[in-house]
Amino acid sequence: MSAYSHNSLMTEDTATIIATYSRLMRLRFATGEEVHARIKGKRIKAVCGDLVTAKPIANEDDWLITEINERKNKLTRQNVGGQIEVLAANIDALIIVASVSPLPDWYIVDRYLCAAELMGVLPIIVFNKIDLLQEHDIKIIELQEYQDIGLTIIECSAKTGEGTGDILESLGNQCGIIVGQSGVGKSSLINQLVGDSSQRTGNISAKSGEGKHTTANSILISLQEGGSLIDSPGVRDYAPALSSVTDAAVGFREIADAAQSCRFTNCRHLREPGCAIKEAVNSGSISYRRYDSFKRVVRLTEKLMEKNY
Ligand SMILES: Nc1nc2c(ncn2[C@@H]2O[C@H](COP(=O)(O)OP(=O)(O)O)[C@@H](O)[C@H]2O)c(=O)[nH]1
Ligand SMILES: [Mg+2]
Ligand SMILES: [Zn+2]
């Protein structure tokens with residue numbers, strides 16, 4: 001699409017980032033028109049979901065992003081070097097996918113949950129590939145634990161379509177990002193939910209500066225139902241970027257709730273006397289696995305803080 005078709009005045013306009021490539025981004029204007037754009041300066045990085053201000057570049061099809069508008073929120077992670085990376089912005093729901101195969105890493109599910117709680121967005125746990133289950137009414141203890149703390153669980157199959165409509169129903173007209181281990185079926189779920197083949201994952205590519213076609217790192221797809229979905233880049237070992245150890249407790253809702261009864265207001269729920277969390281774990285009202293997961297997040301955060309200070 002040519003830059004000239006967008007508007008004859010060639011002025012600045014606001015658009016949403018709907019795909020990111022190594023250096024290029026795809027923007028969609030409110031009119032529905034889409035263009036490719038570059039960003040000014042190397043240090044600012046726009047992500048899917050960002051609202052940006054962009055202007056046309058004279059004699060070029062590409063636009064130039066001049067500003068990233070203030071973000072309502074952002075999903076971040078800390079990478080192995082301890083640096084904080086933004087994965088997506090302005091999201092309403094975190095759709096956390098685990099599957100029958102590869103086997104779930106529940107610690108990763110807990111870390112995404114932790115991020116969702118801290119962002120204050122709706123977490124939706126999706127258990128995919130149920131078509132691979134031998135017995136249909138098998139009870140998965142971890143899913144039961146999540147249900148017990150009030151989380152939404154959707155069991156589905158991207159292959160047969162079973163249960164996938166429930167994801168759309170939970171999402172409504174909001175923007176959700178699909179996250180989870182590689183191979184659990186995130187892209188397959190998006191394809192299943194979108195239906196329209198022209199919008200399918202992997203079909204969105206762009207010419208890079210060298211003229212080569214590159215596949216998007218991350219894409220945002222609008223659903224006919226009114227919501228939108230972001231297919232997140234594969235992250236091997238997700239760790240939330242927490243600013244303090246106390247953030248970890250906020251990220252585990254049942255721990256945050258029970259912490260009101262700890263003897264010390266600054267209790268870290270590790271070795272402190274009068275800790276209501278340890279009592280709850282001993283009595284079985286808080287899952288030992290979730291508590292273990294919480295402690296791992298605390299240790300991760302401590303490591304990150306050592307690296308950054
Ligand atoms: N049996 C079965 N296979 C699935 C299902 N969803 C995805 N797959 C397969 O799992 C593999 C990984 O899927 P993909 O969508 O690329 O996972 P992603 O890495 O999370 O995006 C592919 O071979 C899919 O065909 C499902 O519901 N049932
Ligand atoms: Mg994928
Ligand atoms: Zn405590």
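**View 1. Val-184 and ligand 1 meet through the protein backbone.** In this predicted model, look for a backbone N or O atom of Val-184, which lies 3.4 Å from an oxygen atom of ligand 1. Once you have found that pair, step back to see the ligand as a whole: on its own, ligand 1 has 580 Å² of accessible area, and the protein covers 67% of it.

**View 2. A shell of 15 residues lies around ligand 1**. Which residues come nearest to the ligand? They are Asp-131, Ala-158, Gly-183, Lys-186 and Ser-188. Helix H4, which spans residues 186-194, gives the largest share of the shell, with three residues.

**View 3. Helices H1 and H2 pack against each other**. Here you can follow H1 through residues 106-119 and H2 through residues 141-148. Their axes are 12 Å apart and meet at an angle of about 20°. Angles under 35 degrees count as roughly parallel, so H1 is described as roughly parallel to H2. Is their crossing left-handed or right-handed? The crossing of H1 and H2 is right-handed.

How values were computed:
Residues are numbered from 1 along each chain as its sequence is written. Chains are lettered from A and ligands numbered from 1 in the order in which they are written. This is a predicted model: local features need pLDDT of at least 70, side-chain atom pairs count only at pLDDT 80 or more; totals for chains, interfaces and linings use all residues. Side-chain values use heavy atoms; hydrogens and water are left out. A residue is near a molecule or strand if one of its heavy atoms lies within 4 Å of it. A polar contact is a pair of N or O atoms within 3.5 Å; within protein, one must be able to donate a hydrogen and the other to accept it, and residues adjacent in sequence count only if both atoms are side-chain atoms. Accessible areas come from the Shrake-Rupley method with a 1.4 Å probe; for residues, only the protein chains shown count as cover. Helices (H or I, at least four residues) and strands (E, at least two) are DSSP runs, numbered from the N terminus. Axes are lines fitted to C-alpha atoms, for helices over the stretch in contact, and angles run from 0 to 180 degrees between N-to-C directions. Angles under 35 degrees count as roughly parallel, over 145 as roughly antiparallel, 65 to 115 as roughly perpendicular and the rest as oblique. A crossing is left-handed if the near helix is turned anticlockwise from the far one by less than a right angle, and right-handed if clockwise.
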